Amino acid sequence: MNKVPYKIYLTEKEMPTVWHNLRAKMKEQPDKMLHPAKLTPCEKEDLLPIFCSNSIDDELNETDEYINIPEEVLGFYRMYRPSPLVRAYWLEKELDTPAEIYYKFEGNNTSGSHKLNSAAAQAYYAKQEGLTSLTTETGAGQWGSALSMACAFYGIDLNVYMVKVSSQQKPYRKTLMETYGAKVIASPSDTTVCGRKILAENPDTGGSLGCAISEAIEVAVNTPKCKYVLGSVLNHVILHQSIIGMEVKKACEIYGIQPDIIIGCAGGGSNLGGLMSPFMADKIEGKNKIEFIAVEPASCPSLTRGKYAYDFGDTGKTTPLIKMYTLGSGFMPAPGHAGGLRYHGMNPVLSKLYHDGYFTARSYFQNEVFEAAVKFAKCEGILPAPESSHAIKAALDEAEKCRVEGKKKVIVFGLTGTGYFDMSAYESYVNGSMTDKAPTDEELEAGFASLPKI
Ligand SMILES: *Cc1c(COP(=O)(O)O)cnc(C)c1O
């Protein structure tokens, strides 16, 4: 058989034209989202003040396995997709492993991550609905960058609430968003009731994603023709990201690749959910035995140490209640944490599948993650995002297991983005000042204490 090429690119014709909705294949559905005051399952009308109409339809859709990607969104995707599935020949050689390692590279666009896959869809739906502006939050800055690009393309104004520590760590992310025309506000800010309250209680806080979300929602519900959009966690975001898994599956079919292990880093769950989606559907039907692994930072361990409970998506406790693995909406990772993936909760579909034993999760400390990142960069030429490097670390560990056991497994992982804006994180790794912290049980208890009593 012909050797698999270094880079597998689908042709434009082979590119999937549908998203994959994993819920249609689940044996049991995740518990429904609840209205925060009434505690009844959310109906479309409950969500309309906050979210775009089309996103809500997708959010609540439990039955259609495939959803057509609008022609305009497909057109946008064609600017930077299909993305390559790369055979990591050089990394395999360096590791001296019998394993075959592949990575799906989503960093080949200006935002530097997979986030553009959902930004393109959500900005398009907002335009179609006649909105003139959007609000959102951003942590590390990739989502804000991606949405800035999409909003610029569709001619929509954008306000981005950026977690304060991130805006200090990554000033050029802010400049990138402003270049595309977005307004960037460090959160918590004095522009919202919620931000002022958090600042009054804790003036020196570096902020959190949960807090930035509260601010963005507050502005959206009080501004005409403005809605709020989110770049991870929710089901419709995972749906948009399923383009990743659909492309990988197609490439695997064309080249006869059968993955044994699929690995993704997990913040809110969107890239992992999107990558695994069509493969997990087959696993649920008994058509494969793929082992799926979620990887998270030890400093923000929502799957490995969190609780499966109803929780708010934000610190201000304004969002609908979501049943998910969570550290509590009041949880904030240690200030020295530089590796991203800092959200307190996890997508409800992934949470349910994890709870039911369909995949495993593990966590790593920052220094070992960056060590893996540097090893990868030296072999494969790409400087990976710190988030993606969590998946790299797990892939290296699995490849090492194959070497020790003399087993030839096929490992696929998601290389979600590039780390060019993360130089302060790389700097602290290179100069030896990077800290390895995991929350103590007492610190986790403090987060769990913020869980609503339901
Ligand atoms: C946002 C981000 C992640 C984590 O978010 P998920 O929703 O869990 O995918 C991972 N990698 C990169 C590069 C990101 O920008």
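The following dialogue examines how terms are applied to this predicted model.

Modeller: Local features of this predicted model need pLDDT of at least 70, and side-chain atom pairs count only at pLDDT 80 or more, whereas totals for chains, interfaces and linings use all residues. Residues are numbered from 1 along each chain as its sequence is written, and side-chain values use heavy atoms, with hydrogens and water left out.

Biologist: Why is Lys-25 called partly exposed?

Modeller: Buried means under 20% relative accessible area, exposed over 50%, and partly exposed in between, with a 1.4 Å probe and protein chains only. Lys-25 has a relative accessible area of 23%, and is therefore partly exposed. Glu-285, with 39%, is also partly exposed.

Biologist: How do you know whether Glu-106 is buried or exposed?

Modeller: Glu-106 has 3% relative accessibility and therefore counts as buried. Its salt-bridge partner is Arg-81, at 2.7 Å, N to O. Arg-81 has a relative accessible area of 4% and is buried.

Biologist: Which values describe the pair of Arg-87 and Glu-92?

Modeller: The closest N and O atoms of Arg-87 and Glu-92 are 2.7 Å apart, and the two form a salt bridge. Arg-87 is buried at 10%, and Glu-92 is buried at 8%.

Biologist: What makes S12 and S13 a strand pair?

Modeller: Two strands pair if DSSP finds at least two bridges between them. Strand S12 (residues 307-311) and strand S13 (residues 322-326) have 5 bridges, in the antiparallel sense, so they pair by this definition. Ala-309 stands opposite Met-324 in S13. Of the 5 residues of S12, 4 are buried.

Biologist: Why are the buried residues of helix H2 placed on the same side?

Modeller: Helix H2 (residues 53-60) has Ser-55, Ile-56, Asp-58 and Glu-59 as its buried residues. They cover an arc of only 165° around the axis, which puts them on the same side of H2. The arc is that of the directions from the helix axis to the C-beta atoms.

Note on methods: Helix = DSSP H or I, 4+ residues; strand = E, 2+ residues; numbered from the N terminus. Salt bridge = Lys/Arg side-chain N within 4 Å of Asp/Glu carboxyl O.
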